[in-house]
Amino acid sequence: MRSAIEQQVRDFIAESFMFRVDRSDIAGDESLLEAGIVDSTGILELVAFLETTFAIQLADDEIVPDNLDSIDALTAFVTRKCADAESADAPAMAVAG
Amino acid sequence: MCGIAGYFGHPDPSIPRRATVARMVGAIAHRGPDDRGVFVDDNVGLGHARLSIIDVASGAQPMANADGTVHVAFNGEIFNYVELRADLIARGHRFRTESDTEVILHAYEAWGIDCVEAFNGDFAFALWDSRLKRFVAARDRMGVRPFFYAWRDGCLYFASEVKALLEVPGIDAELDPLALDQIFTVWFPIAPRTLFKGVMELPAGHRLIATPDTVNVAPWWRLSFPDAGDSAAHDNRDEHEIADELRFLLLDATRIRLRSDVPVGAYLSGGLDSSIVAAAVHRIQPDRLRTFSVTFEQEEYDESAWQATMVDALGTDHTAVACRSADIGASFPTVVRHVEQPLLRTGPAPMLALSQLAHDQGYKVVLTGEGADEVFGGYDTFKEAAVRRFCARQPGSERRPRLFERLYPYLPGLKRQTGQYRRAFFSAGPEDTTDPLFSHMPRFRTAIGAKIFYSDDMRATLAGYDALADLGAGLPADFGRWHPLHQAQYLETVYLLPGYILSSQGDRVAMANAVEGRFPFLDHRVVTFASRLPPHLKLRGLREKRILRRAMGPLLPPTAAARPKQPYRAPIAQAFVGGGAPDYVGDALSVAAIRHSGHFDPHAVDRLLAKARSRRLAGFRDNSALVGILSTQLWQRQFTRHAGTADDIPAVA
């Protein structure tokens, strides 16, 4: 069962980088770079999508393949960022910074 | 500088010979609007469209020798014709004109086919020797001037541009899928292949000899480098001695390229190379030099501040033409008609605007800085390859990949990326440092990425064809023993230079407006001299063109001499979508049009266009795909008869 986040990420990758319908069944752990789906210069499109769609901010040092180079990595990364953002919004955490 | 066309053999009797040659010449009249000539006899037809530059009064072509046994049609310049003429006169030859064309005739009489080795110039010529019943064609070492040919009913037809061949009854444009795949791999068809099935290009530095029974195509010159381990084969003199000789050579290469009976101007991009050429001219002749440049709206591409620095320093009389994205879109069909092949970049479009400017200002000849990056190791590809190789030697190193962060400082889109991402891209997959194409694999991978848009039919037709294997198979036997920088320089100089830089971005778009480019850095004496230099005198660390800066820097303002490389680039997606986008884009990329031509997947292309229209295309791959597919469609419409109606492409002035 795919999470909503994974589905949104998959849809975006399919629509923006894959183009051909017959390649929409990409494996969750497939490297997007090695598969030639996302190239180095396309990364920023991906970053812009994540920031606007999920209302998160990516620091420069988070733009790394470990976070972004497969559907699984993206899903896990976005899930974690969203959770961080929610707890950061909680009043109890306001003094933590 | 001109256009040539004609045939060798016996055309089908139904073909009117003189009229056909005249029509072929007419198709390339833009190359030589000043005069036309046709010579026809039993075995041969030679046609010529003339752009009068040297010996304007008596240099008409085709030209015959004194007894009328040898005829030549010639496109280009023999820059050392003054010295050759004196030499031939000393040997007893008697000249009737002051032209370099006549020098070719006498040199051929004196030395036969080997005469080309005496020529310092940019040339393509067709020569008929009626005594030996021999047809000879030859092309200059670097591939500045073009030469295409095709067979029809046992007759060989030739021309400076393919559009002239298409005037021959029975020679029709049909797209060669392998050539298209080569373009979507290395940016251009690998000579002798062209995108026109059955039409061949005589490769740079090659000659063709045909008799009524035989045809032989062979190289008469080739670029070579010493074995990396053979230090005695390198130029081991002191650096200052080498720099002194290089300065002398470049000034002399510039001096003989100023030979002209009409005024010579220069393109001044603001970069190191064109600045050096302008400064060399300034040193040689005191007259105020006329210079031309192109400027862009977007800061990312524009170099006008650097142009202003050089204009001030050298006191040139400068004019710039502003090139907006919309201008690129508007002129693109015209560009495709002139370059005769699909493009993965838009760079040729501003160059067309630039030659229009030079033409409008009354100039037929311009010097440019082309070739310095190939010959002296200026391209970023060379640095990138050096860093990748450095990293591959110690794969576990965390520090080495940080060097990637110093590459491409001028690409805003890359700035936000971490070293890790760049490393992951530049070395996607396991790095094979023994691959002869190692240096260019990241660039090829980006181009290859656009193949995801191929249709199923196209994939089936290609049947696993590997353009890179084809490229690798043509490399010389000793290639593997050269220094890696020299290997990379060879790929740039022997393939990309004639295949793209000098043709699509050079001759074709300059001659579209009857402007001849001349390139001091591509003087073969300079090229040969540089090939023997130790690699560290070219690229040292991440500093490019070291010896060139040392030799010519003193002629430039200090800031210009120290300026880091900014490659020439032009906007892509913005030219074809958004405000001011041309109307033809939607038609050419429509599902029906893409399906009709058959090479690409209509729905995938539709999604690409939708993406381009909805937001800026950021990635190289998508930009390459957009312009590559669009230009393939435009090519199809302009050159093939069965591709819809010819008049749905707007005429663009």
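**View 1. Helix H3(B) is mostly covered, with nine of its twelve residues buried.** A residue is called buried if 20 or more other C-beta atoms lie within 10 Å of its own, exposed if 12 or fewer, and partly exposed in between, with the C-beta atoms placed from the backbone. Helices (H or I, at least four residues) and strands (E, at least two) are DSSP runs numbered from the N terminus. This is a predicted model, in which local features need pLDDT of at least 70 and side-chain atom pairs count only at pLDDT 80 or more, while totals for chains, interfaces and linings use all residues. Residues are numbered from 1 along each chain as its sequence is written, and chains are lettered from A and ligands numbered from 1 in the order in which they are written. H3 spans residues 100–111 of chain B and reaches 16 Å from its first C-alpha to its last, close to the 16 Å expected at 1.5 Å a residue, where the expected span is 1.5 Å times one less than the number of residues. Among the buried residues are B:Asp100, B:Val103, B:His106 and B:Tyr108. The buried residues of H3(B) pack against strand S4 (63–64), strand S5 (70–78), helix H2 (81–90) and strand S6 (121–129) of chain B, a contact being two residues whose C-beta atoms, placed from the backbone, lie within 7 Å. After the helix comes B:Gly112, with a positive phi near 65°.

**View 2. Helix H5 (residues 177–186) of chain B has nine of its ten residues buried, so it is largely enclosed by the rest of the structure.** Its buried residues include B:Pro177, B:Leu180, B:Ile183 and B:Phe184. They pack against five helices of chain B, namely H15 (441–449), H16 (456–462), H17 (467–473), H18 and H27 (620–639). Just after H5(B), B:Trp187 takes a positive phi of about 90°.

**View 3. The largest nonpolar core holds 210 residues, of which B:Phe125, B:Leu165, B:Phe453 and B:Leu626 touch the most other members.** Such a core is a set of buried Ala, Val, Leu, Ile, Met, Phe, Trp, Tyr and Cys residues joined through C-beta atoms within 7 Å. Helix H18 (residues 484–501) of chain B gives the largest share of this core, nine residues. When residues up to four places away in sequence are not counted, B:Leu165 touches B:Phe148, B:Ala150, B:Tyr157, B:Ala159, B:Ile171 and B:Val199.

**View 4. Strand S9 (residues 155–159) of chain B pairs in the antiparallel sense with strand S1 (residues 2–8) of chain B over four bridges.** Two strands are said to pair if DSSP finds at least two bridges between them.

**View 5. Strand S12 (residues 215–219) of chain B has zero buried residues among its five, so it lies largely in the open.** Strand S11 (residues 206–210) of chain B pairs with S12(B) in the antiparallel sense over five bridges, and a hairpin of four residues joins S11(B) to S12(B). Within this pairing, B:Leu208 has B:Val217 of S12(B) as its bridge partner.

**View 6. Five strands of chain B form an open sheet in the order S15-S14-S13-S16-S17, with parallel pairing.** Its edge strands are S15 (317–323) and S17 (516–518) of chain B, each of which pairs on one side only. Neighbouring strands of this sheet are turned by 30° against each other on average, direction ignored. Strand S13 (residues 264–267) and strand S14 (residues 290–296) of chain B pair in the parallel sense over two bridges, and B:Ala266 stands opposite B:Thr291 in S14(B).

**View 7. Chain A has four helices and zero strands.** Read along the sequence, chain A follows the pattern α-α-α-α, and buried residues make up 28% of its 97 residues. Of the contacts in chain A with a separation of 6 or more, 64% are accounted for by residues 24 or more positions apart.

**View 8. Residues 643–653 of chain B have pLDDT under 50, and the model has 17 contacts beyond four places in sequence for them.** Here pLDDT is the predictor's confidence in each residue, from 0 to 100. Where pLDDT is low, the predicted coordinates should not be read in detail. Chain B as a whole has a mean pLDDT of 92, with 94% of its residues reaching 70 or more, and the model scores ipTM 0.74 and pTM 0.92.

Conventions. Axes fitted to C-alpha atoms, helices over the stretch in contact; angles between N-to-C directions.
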